[in-house]
Each structure stands twice: as C-alpha cells, then as structure tokens.
Amino acid sequence: MSEQQMVEQMYQEIILDHYKAKLNSGLREPFDAEVHHVNPSCGDEITLRVELDGGKVGDVSYHAEGCSISQASTSVMTDLVIGRETADVMALHDEFLEMMQSQGKAEPDEDRLEDGIAFVGVSQFPARVKCAMLGWSAVRDAVLRAQAQA
C-alpha cells in the first residue's frame, strides 16, 4: 500500500468515525440564531443553532439528515468552531471552502482544520463539495444572523 493510499484510508476512517459518532448532534437551547439549509442536488438538510458568548461561538447544535459526508463534515465543523472567536470561525469557513474548491490539490493546514483535512479527497468530486459544505455554510449564516440580532 502506498503512502498516498494509507493517507486516503486514514481520511476515510476519520469521515466514518464522525458519521457514526456525530459530535454536537441534537438541537439544544439556549441559542441566538437558527438556520435551515438544504442541498437540493442530493436532499441533504440541516437545522443548525448557534449561541454566541461575547465575541465567541459558545455552542453549535444541529439536526441533520443526509449522506455521510455532509453529516461527518458538520460534526468536524462543530468540534472546530465551538469556543473560537467569531472572526476565526469565518476564517476557518473560508479555509475549508478554499480546500473544497481545490479539486484535491490543496495542502490544508492540519493545525487549523484538524480532522477537516480528511475532506480534501472529497474536493475531487464536484457533486460532493456541496455535501461537505452544508454545515459550514449553515454555521456561517447562523453566526452572521446572531451577530446582526445582538
């Protein structure tokens, strides 16, 4: 097995682990904003709640239905953004989006994206990019809404 194949297998395992044991799944209160996003191309759906704590994301909870990629990506995202400054959450969103638009050519920063780097292989499949981005787009939207209401 080549090193590339071993890395791809490890990434697949990370995605499966997050799909099987979704972090922060289940809608919680209190929350400052709730959004509902749908990926019409495959039917994935997410309802996501954000609670802000000053300039930080205090909590993210969600209910999602859809493929393993969208659900695993959302699990990874919640783990990354809870406790971070909102500006950093927006920067992480942009870094993840850039990776997902790279068609597999990105060399993501593992220190920043942690388990999120597992989705670099997904970026080679344009139809799946929207799946991986669903939770990220929802959290960005929810943070902006919560800030607007503050």
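1. A charge counts as sitting over a ring if NZ of Lys or CZ of Arg is within 6 Å of the ring centre and within 35 degrees of the ring normal. Lys22 does this here, lying over the face of Tyr19 at 4.9 Å from the ring centre.

2. Before going on, some housekeeping. This is a predicted model, in which local features need pLDDT of at least 70 and side-chain atom pairs count only at pLDDT 80 or more, while totals for chains, interfaces and linings use all residues. Residues are numbered from 1 along each chain as its sequence is written, and side-chain values use heavy atoms, with hydrogens and water left out.

3. Twelve of its 14 residues are buried, so α2 is largely enclosed by the rest of the structure; buried means under 20% relative accessible area, exposed over 50% and partly exposed in between, with a 1.4 Å probe and protein chains only. Among the buried ones are Ile69, Val76, Met77 and Leu80. The cover includes α1, β2, β3, α3, α4 and α5, with contact meaning heavy atoms within 4.5 Å. Just after the helix, Gly83 takes a positive phi of about 95 degrees.

4. Now the strands. β1 (residues 33–39) has a covered face of Ala33, Val35, His37 and Asn39, and an uncovered one of Glu34, His36 and Val38. β1 pairs with β2 in the antiparallel sense over seven bridges (pairing needs at least two DSSP bridges), and Ala33 has Val50 as its bridge partner. The two strands form a hairpin with four residues between them, and Gly43 in the turn has a positive phi of about 90 degrees.

5. On aromatics, there are two pairs, taking rings of Phe, Tyr and Trp (its six-membered ring) with centres within 6.5 Å; planes under 30 degrees apart are stacked, over 60 edge-to-face and the rest tilted. Phe96 and Phe119 have ring centres 6.0 Å apart and planes at 65 degrees, so they are edge-to-face. Phe96 is in α3 and Phe119 in the loop between α4 and α5, 23 residues apart. Phe96 and Trp136 are stacked, with centres 4.4 Å apart and planes at 10 degrees.
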